[in-house]
Amino acid sequence: MIYNISHLTKKYRKRVVLDIKELTLKRGRIHALLGPNGSGKTTLLNLLAFLDTPTSGTISFLGKNIERTESALVALRRKVVLVDQYPIFFSRSVYHNLEFGLKIRKIPKPTRKKRILQALELVGMTTFSKSRAHTLSGGETKRAALARALVLQPEVLLCDEPFANVDTENQEHIFKILQEINGNQKISIIFSSHDRPKAELLAHETLYLNNGSLADNRLNNVFPSIPDEIPGQYKIQIAQKYVFLKGPVNPGGLHKQRCCNLYIDPEKIKLLTHNHLSSEPGHITATVQEIRKHRKGIKIIAQSEIRLHLHLSSKEYRNNPPLVGQKISLIIAQDAVTILPTQN
Amino acid sequence: MELLYTQQAIIIGQIILITPLLTTLTIAAVSRIDKRYRNTALTLGADRIQMAMVIFWEARFSVIAAIIAAYGRVIAEIGISMMLGGNARGFTRTMTTAMALEYDKGEFTLAVALGLILMGVAFSINMLFHLCQGRLRADDL
């Protein structure tokens with residue numbers, strides 16, 4: 001394993017932004033960190049990059065507990081590189097930016113040059129070597145930032161939202177680079193993202209953060225909602241429309257009219273053959289958008305007012321195989337809905 | 001200490017005068033630098049000194065501007081030069097004390113001429129700064 005986290009918390013003033021009981025990240029794997037804005041993804045990445053100090057708890061790296069001395073931290077940071085969501089470049093050329101980390105590691109000049117050119121080639125930016133870093137476009141900046149990290153041959157590459165704010169072409173390019181360096185150079189990658197399908201495709205393991213805590217790998221089917229006036233009924237507002245669901249009655253710690261996150265278990269959503277549903281809470285008509293293999297079963301992504309993920313066993317799927325584009329009826333029973341813990 | 005009415009006394013006085021100004025302007029320049037420079041330098045493996053050098057480099061134009069502002073303040077200063085230097089001819093007479101003296105003597109033309117020279121010096125220094133700034137930007141590549 002590469003990281004082992006135990007009872008890790010991070011507070012800003014009195015606000016708890018991160019609270020992770022236990023987490024182990026394996027070496028040589030790609031881990032995706034998912035979760036809504038403000039769920040603590042960037043904070044966790046900063047802690048993993050040794051750029052920030054936790055309020056309490058421990059992080060061990062490669063089986064060793066971290067010493068918080070300046071020299072120990074510098075040594076650790078030379079094994080882990082974080083690529084920021086909005087990478088910033090020193091006001092010099094792309095080449096000089098890539099050279100910075102190598103220079104401070106006292107790598108000889110010919111080796112520096114060779115490694116820089118290799119890194120630029122990997123991200124497809126050889127021609128930008130002499131360009132001023134500030135003149136690069138958003139996608140080029142992201143790729144150049146990846147090259148600046150990769151030239152250092154780190155053991156772990158941390159990427160904060162690598163697919164955000166770039167066009168589809170650059171997203172694909174970054175996706176392939178990350179896949180390639182993990183496959184060929186065995187660099188462990190931990191990245192945060194809001195792009196669930198991409199994250200699922202790229203990562204070996206996905207972690208879902210909600211209000212600073214790990215949410216049992218609940219990757220999808222999490223929706224902000226408000227408890228309705230009827231006990232045990234919740235409403236999810238999408239633009240001007242509401243989706244009503246049945247859920248736990250009087251859950252502990254939940255105040256009336258207080259926003260909470262609902263999690264719908266994809267295994268417990270019932271798929272019906274007929275399309276005549278009542279307007280009861282939890283009865284939804286949706287359109288199939290995607291069907292793919294998932295572990296030993298089938299995953300269906302269906303779109304109604306909300307985007308739902310369903311997991312079916314192969315047998316269930318064979319009995320009632322929907323097609324992409326087909327309207328389906330879904331029943332979300334009360335026991336399929338849980339309320340994710342929130343922090344004050 | 002026998003420092004009074006010496007050039008050293010003027011220098012020490014001027015340093016004491018501009019240190020707070022220079023410090024304030026430099027701190028303002030450095031604190032305006034994006035925090036990401038600090039984190040980027042650290043994550044690329046820099047220690048504290050190397051990180052400080054990066055920040056200083058990024059703030060270089062503001063730091064030079066602070067130096068120029070402090071220089072402008074010093075060359076136009078008269079109180080310290082007069083009190084600690086004594087305005088001794090050929091020894092501790094500065095442009096500003098010479099101007100004050102000529103004004104007191106009623107030599108307004110000479111006083112104004114000295115003032116214009118002083119303005120010219122300040123202007124040239126500013127021009128030089130702007131030229132250097134352009135050159136440094138071009139040398140970034």
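Visitor: In what order do the elements of chain B run from the N terminus on?

Guide: They go α-α-α-α-α-α-α, with seven helices and zero strands in the count. Helices are DSSP runs of H or I with at least four residues, strands are E runs of at least two, and both are numbered from the N terminus. This is a predicted model, where local features need pLDDT of at least 70, side-chain atom pairs count only at pLDDT 80 or more, and totals for chains, interfaces and linings use all residues. Residues are numbered from 1 along each chain as its sequence is written, while chains are lettered from A and ligands numbered from 1 in the order in which they are written.

Visitor: What does chain B span along its principal axes?

Guide: The C-alpha trace covers about 65 × 40 × 20 Å.

Visitor: OK, the contact: how many residues from chain A and chain B?

Guide: Chain A gives 21 residues and chain B gives 17 residues. Contact here means C-beta atoms, placed from the backbone, within 7 Å.

Visitor: Which elements of chain A give two or more residues to that side?

Guide: Those are α2 (70–77), β6 (80–83) and α3 (94–104).

Visitor: Switching topic, what does A:Ala147 touch?

Guide: Leaving out residues up to four places away in sequence, A:Ala147 touches A:Leu98, A:Ala119, A:Leu120, A:Leu122, A:Val123 and A:Met125.

Visitor: And what share of the residues in chain B is buried?

Guide: Buried residues are 18% of the 141 in chain B. Buried means 20 or more other C-beta atoms within 10 Å of the residue's own, exposed means 12 or fewer, and partly exposed is in between, with C-beta atoms placed from the backbone.

How values were computed. Two residues are in contact if their C-beta atoms, placed from the backbone, lie within 7 Å.
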